[in-house]
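I opened the model and kept short notes as I went. The entries follow.

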Amino acid sequence: MDLSSEIIRIYDKERLLIEPIRLQKRFPYDYYKEIILNYRAIADSLDSNKIAEYAGHFKNGERILRQILREVF
């Protein structure tokens, strides 16, 4: 197997936070809440400017950002 053409995406914690918000309906409710609670525990270490920048790259970025602010911070 030739791995030279494989793409491995690596995200920081701020970018990774976008995914469960975007894909919330794909997660069981309990699992989603656990993710959010874990992010709340590290909220002080998150860079809100990075989160806003990342959210801006999505068509529903404003909704994503509002939800993060409401649920995590």
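**Notes on a buried arginine and a helix pair**

I looked up R15 first: its relative accessibility is 12%, so R15 counts as buried (buried is under 20% relative accessible area, exposed over 50%, partly exposed in between, with a 1.4 Å probe and protein chains only). The model is a predicted one, where local features need pLDDT of at least 70, side-chain atom pairs count only at pLDDT 80 or more, and totals for chains, interfaces and linings use all residues. Residues are numbered from 1 along each chain as its sequence is written, and side-chain values use heavy atoms, with hydrogens and water left out.

I placed R15 in helix α1, residues 13-22 (helices are DSSP runs of H or I with at least four residues, strands runs of E with at least two, numbered from the N terminus). Leaving out residues up to four places away in sequence, R15 touches Y54 and F58 (contact means heavy atoms within 4.5 Å).

I then counted elements: the protein has 4 helices and 0 strands. Of its 73 residues, 30% count as buried.

Next I took helix α3 (residues 48-55) and helix α4 (residues 61-71), which pack at about 150 degrees with axes 8 Å apart (axes are lines fitted to C-alpha atoms, for helices over the stretch in contact, and angles run from 0 to 180 degrees between N-to-C directions). That angle makes α3 roughly antiparallel to α4 (over 145 degrees is roughly antiparallel, under 35 roughly parallel, 65 to 115 roughly perpendicular, the rest oblique). I listed the contact residues: I51, A52 and A55 of α3, with G61, I64, L65 and I68 of α4.
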